[in-house]
Amino acid sequence: MSDAIRITDVTLTPVAFRDPALLNAVGVHEPYALRAVLEVHTDQGITGLGETYADQGHLRRLRQAADALVGLDVHRLGRMYAAVAAALGGDTGSDGHGLTGMITSSSTVDRVFSPFEVACLDIQGKAAGRPVSDLLGGAVRDQVPFSAYLFYKWAAHPGGEPDSWGEALDPDGIVAQARRMIDDYGFTAIKLKGGVFRPEEEIEAVRALREAFPDRPLRLDPNAAWTVDTSLMVARELDGVLEYLEDPTPGQEGMARVAREAPMPLATNMCVVAFDELKPAVALDAVQVVLSDHHYWGGLQRSKVLAGICDTFDLGLSMHSNSHLGISLAAMTHLAAATPNLTYACDTHWPWKTEEVVAPGALEFRDGSVAVPTGPGLGVELDRDALARLHEQYVSCGLRDRDDTGYMRRIDPSYEKKVPRW
Ligand SMILES: O=C([O-])C(=O)C[C@H](O)[C@@H](O)C(=O)[O-]
Ligand SMILES: [Mg+2]
């Protein structure tokens, strides 16, 4: 019997799930976040799951890639990567919001390949009876710590019902949000998404967090909303308070200028988002921590390559997230479990969602961590009714691309996207 497991078909289902009015440096989250759920079917009857972005251009590229993968063995990931690259033929995407840096044709291949790779590892794991973490070198930790990801937010979307979190537009609101998130999930580290208000107000919010939670590592991420001088002012004000400062200013040159004088490490998911950006970043000493994200670093195995490079060049490693569902959380957890030098608590948008496509029970937060699933593959199953419902929601909500700036402009026509803003 051949040990090949060949792809016969790929089902791609765009879904929309409710998302609160979370503010960031480029606008505000729309009422629904979009994701695509991939099911890779095989000739041995084993199906693997993947999850990725669902912007229209990305969906079109995923379909192109899916056609090119039919007939390939799920173990031949290198061939699959080459097939995806050939199918895309230099087609370059965008992240639609600019929060994850410059997108090139090679990084587009990584974005498109990623959910197929995850699904194929799910299949390999199911076939071998091993968890995905075992296929990545084996778990070095049984629990993966995540951080409380705080956002300034409105109480509701304009014209909509208030969500259960309420408004958070000042230090008291941010501290209350952190308290609930820590009570509910037990997170041990805290990240504030900044770049929304004047830097002085965000410094005040971080100080309030420090006072309320004296022992928890704190991070601030304004998504490049500040000039070099403003970044240095904030860095000095928060000396001894932040575990790391994430993307204070745009570009590697600017980050390097801040890094030379900032008392804390700088982290990024904006100026190092692809392999060809690592060499100049190391040469410039632009960042001290890279936020990995398997959705754009080309999947789980290529994220481990990134981890090796970070290890070699003494760069810290953390993990980035966007609004996501349970398939992604499972993949992030297996990857983090099997990456020894991923020593920071990972980002997750998990607490912000109220809807899910994965059957309950597989992924639970305890003391801020998720236990690494030990069953075969990713260890999660689709809830088919939920998938159908969230797909219906995608069809009816009318959103087809993430557009935080466009949504903000519809609410406040005077709003301008400006990077850096202060
Ligand atoms: O760490 C980051 O830069 C992010 O998580 C980017 C995201 O897009 C975040 O800003 C968001 O969800 O608005
Ligand atoms: Mg960031």
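User: What share of the 422 residues in the chain is made up of buried residues?

Analyst: In this predicted model, buried residues make up 53% of the 422 residues in the chain. A residue is given that label if 20 or more other C-beta atoms lie within 10 Å of its own.

User: What makes the chain as compact as a globular protein of its length?

Analyst: The secondary structure of the chain comes to 13 helices and 15 strands. The radius of gyration of the chain is 20 Å, which is close to the 22 Å that the globule rule gives for 422 residues, so the chain is as compact as a globular protein of that length. Taken along the principal axes, the C-alpha atoms fill a box of roughly 65 × 50 × 40 Å. Of the contacts with a separation of 6 or more, 72% are accounted for by residues 24 or more positions apart.

User: Why is Lys-193 called buried?

Analyst: The cut-off for a buried residue is 20 or more other C-beta atoms within 10 Å. Lys-193 has 24 C-beta neighbours inside 10 Å, and therefore Lys-193 counts as buried. Its place is in strand S8 (residues 189-193). Leaving out residues up to four places away in sequence, Lys-193 touches Asn-24, Tyr-149, Leu-150, Phe-151 and Asp-221.

User: Why does His-320 count as buried, and where does His-320 lie?

Analyst: With 25 C-beta neighbours inside 10 Å, His-320 counts as buried, since the label asks for 20 or more. His-320 lies in the loop between strand S13 (316-319) and helix H11 (326-337). Neighbours within four places in sequence set aside, His-320 is in contact with Asn-269, Leu-291, Ser-292, Asp-293 and Asp-347.

User: At which residues does UniProt place the feature "active site", and how do you know that they gather at one spot?

Analyst: An unreviewed UniProt entry places the feature "active site" at Lys-193 and His-320. They span 128 residues in sequence, yet no two of their C-alpha atoms are more than 12.1 Å apart, so they gather at one spot.

User: How do you know that the span of helix H2 is close to what is expected?

Analyst: Helix H2 (residues 77-88) has 12 residues and reaches 17 Å from its first C-alpha to its last, and this is close to the 16 Å expected at 1.5 Å a residue. H2 is followed by Gly-89, whose phi is positive, near 50°.

User: Which residues of H2 are buried, and what puts them on the same side of H2?

Analyst: The buried residues of H2 are Leu-77, Met-80, Tyr-81, Ala-83, Val-84 and Leu-88. They cover an arc of only 165° around the axis, which puts them on the same side of H2. These buried residues pack against helix H1 (56-69), helix H3 (105-128) and helix H10 (300-312). On the other side of H2, Gly-78, Arg-79 and Ala-86 are exposed.

Note on methods
Residues numbered from 1 in each chain as written. Chains lettered and ligands numbered in written order. Predicted model: local features only at pLDDT ≥ 70, side-chain atom pairs only at ≥ 80, totals over all residues. Helix = DSSP H or I, 4+ residues; strand = E, 2+ residues; numbered from the N terminus. Expected span 1.5 Å × (residues − 1). Buried ≥ 20, exposed ≤ 12 C-beta atoms within 10 Å, placed from the backbone. Arc of directions from axis to C-beta. Contact = placed C-beta atoms within 7 Å. UniProt positions renumbered as here; feature names shortened; annotations may be inferred. Rg over C-alpha atoms; globule rule 2.2 N^0.38 Å.
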